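Please prepare a short briefing on the fold and the aromatic contacts of the protein shown here.

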Amino acid sequence: MTQLVEYIKMAMKNIWANKARTLLTMLGIIIGISSVILVVSIGGGATGMIANELGNLGEGQIYFFLNDYQEKYYISQDELNEIREMDGVKAVATEDMIGADTSTKKDDFEVTIYAINPDGLDILDNTFLKGVPYTEKEAEEGKPVCIISEEDAMKMFGSINVVGMDISLTVLTFDMDVTIVGVTKAKESNMVDALYQNPSVELIMPPEAFATTLGLDMSKDITNFTVLQEDDADAEAVCDEIIDYLERKHHCKGDQVYFYRSFDNM
């Protein structure tokens, strides 16, 4: 015990004799600990914010996809129509994407075309500043119409008053003119947006218009789709029913050809 007291006395004498060095050491420890606490707090907050935004982006959505890309397992539009009528299913969306080019008086632009069916527009839940979304009838007839965001309308034309205007596109080796029917409000910037900025402009079109231009039949070669479930639906029951239906239609019961991912569980 006496030895411990002597050690303490010696330590106090050294501290008192080297006051400046002691103060700097304490300051370094305080700053170091504070920095670690600050970094951990910021990292935890950012992680929570991103997780929350990703959850909001896909709330109630279930993504279905093929695990075996043999043609006999491809999904048809008729099958999606039947899935659309199942209990607990609010919407069934398909999406394809392709690049294109266009020019306006302002500049030349690379264009990303999203071929999205009307149910997909419901899932996107955009607010329209000008015009309206294309209708089920327009989509079925393959009308060459499109939707553009206010941000991209300003890039291309310097105005959002563009409903009724035509855009001339070059898609691969094909040329097509599409008419703007709606302008959507830009989404509020968030952490997810900050991580990825798309330099091209984006257009949304009906899949049938997209297919007609390219000479494709997109009604039989579907390999993935998204389901929006009803608010009060049992997600697991909805998924099991859809998987069971597809396996029976394509004679692959238990072969694990079709899979799903629920955005609510991400």
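Among contacts in the protein between residues at least 6 apart in sequence, what percentage join residues at least 24 apart? The share is 73%, where contact means heavy atoms within 4.5 Å. The model is predicted, so local features need pLDDT of at least 70 and side-chain atom pairs count only at pLDDT 80 or more, while totals for chains, interfaces and linings use all residues. Residues are numbered from 1 along each chain as its sequence is written, and side-chain values use heavy atoms, with hydrogens and water left out.

**Overall architecture**
- The protein contains nine helices and eleven strands, taken as DSSP runs (helices H or I, at least four residues; strands E, at least two) and numbered from the N terminus.
- Of its 266 residues, 35% count as buried, meaning under 20% relative accessible area, with exposed over 50% and partly exposed in between (1.4 Å probe, protein chains only).

**Aromatic pairs**
- Four aromatic pairs are found in a search of the whole structure, a pair being rings of Phe, Tyr and Trp (its six-membered ring) with centres within 6.5 Å, stacked if the planes are under 30 degrees apart, edge-to-face if over 60 and tilted for the rest.
- One of them is the stacked pair of Tyr63 and Phe65, at 5.7 Å centre to centre with 20° between the planes.
- Phe64 and Tyr260 form a tilted pair, at 5.8 Å centre to centre and 45° between the planes, which links strand β1 (residues 61-66) to strand β11 (residues 258-262) across 196 residues.
- Phe64 is buried at a relative accessible area of 2%, whereas Tyr260 is partly exposed at 30%.
- Tyr63, Phe65 and Phe259 make up one aromatic cluster, and Tyr63 is partly exposed, with a relative accessible area of 29%.
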